[in-house]
Amino acid sequence: MLLTNTKHHHFTVTNNNKKNSSGLSAVDLASLRALQPGTLVDLQISTPTSPKRVKTQYVGMDYPRCMVFQFPNMNKYGVLKDVLYPENTVIVRYVLEGDSGQVIAFKAKINHIQSQPSNLFFTTVPKALQSLGLRSEKRTSPGIAAEITVGEDGEAVKSVIVDVSQSGCRVLLDQTHFDDTSAEDLAVETEVTLCIDLSDKTIILKGVIKNLKKDAGHLYMGIQFDSSNSDVDVLLERHIITV
C-alpha cells in the first residue's frame, strides 16, 4: 500500500495487489532497490520516552534476508547502544529522486549489531513502504499543504511543508508574497502560525522563524515550533510513518 499525494496535496491510498514472497508489492520493491549504498538516511529509533532521530548511511541489502546500515556517528549523537539493540524497532526515511520525487519511509526491526571490522547494524527487510508527498509535477517539492501567517497581522498565504520533525519544520513559499514585506516583519525570531487542514480537523502550529533562504523565486523558511504542542504529534502520525 502506498500513500500518494494528489495535485492538491491531499493523500489518497493506492493498492498494489501484486506482491512477491516477502510481502512487498512490485512498486515497493522497486522503491527499496532504488536506495543506493552510501545514501544518507534519516533514522528514527524507538525509545521508552520519545523517538530519537539521527542520520546514518545505508550500506546495502541482502534481499530478502536483511538490510545493513552504519552505526550512527557517536561523536555527533553520543552513545546509542542503549537504544540500538536487537529486537528494537526503527524507521528509515530517504528521498527517492527523479520525476516522481518521493520521500520513502519504512519500519524494520534490528536483528544484529556488529562492531568488527566496522560498526554496523542489520535490520529486517520491510513488509511495506509508505510514500510521502508525491510530487504533482516535475521539479516541484514534495510536502504537506499549509497556510502560513507571519506576525500578528500578516496575511495567510499558501505554502508547502517540505520537512517536519517534533521540534520544527521547513516551509517553501512563493517569494512574491513577501516582496512588499519589510525586513523587520520577515526576519529571524519573527512569530509565525501554520494552519494545516486535515480531513477531520484543522491543525494550528505556532513557532518562530530560525532561518530564511531565497532560491529561484522561492523562499525557504526554517521554523522552530513552540515548546509543546500535541498537534505536532497528530501531523506526524498522519503524514509520516511512526513507530
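Because the model is predicted, local features need pLDDT of at least 70 and side-chain atom pairs count only at pLDDT 80 or more, while totals for chains, interfaces and linings use all residues. Residues are numbered from 1 along each chain as its sequence is written, and side-chain values use heavy atoms, with hydrogens and water left out.

**View A. Asp42 and Arg53 form a salt bridge.** The closest N and O atoms of this pair are 2.8 Å apart, where a salt bridge is a side-chain nitrogen of Lys or Arg within 4 Å of a carboxyl oxygen of Asp or Glu. Asp42 belongs to strand E3 (residues 40-45) and Arg53 to strand E4 (residues 52-62), so the contact ties together parts that are eleven residues apart in sequence; strands (E, at least two residues) are DSSP runs numbered from the N terminus. Asp42 counts as buried at 10% relative accessibility, whereas Arg53 is partly exposed at 30%; buried means under 20% relative accessible area, exposed over 50%, and partly exposed in between (1.4 Å probe, protein chains only).

**View B. Arg93 and Asp42 meet in a salt bridge.** The N to O distance between these side chains is 3.5 Å. Arg93 lies in strand E6 (residues 89-96) and Asp42 in strand E3, so the pair ties together parts that are 51 residues apart in sequence. Both Arg93 and Asp42 are buried.

**View C. Arg65 and Asp62 meet in a salt bridge.** Their side chains are 3.3 Å apart, N to O. Arg65 is exposed, with a relative accessible area of 60%, while Asp62 is partly exposed at 36%.

**View D. Salt bridges that share partners join Asp42, Arg53, Lys55 and Arg93 into one network.** The search of the whole structure finds six salt bridges.

Technical notes:
Helix = DSSP H or I, 4+ residues; strand = E, 2+ residues; numbered from the N terminus.
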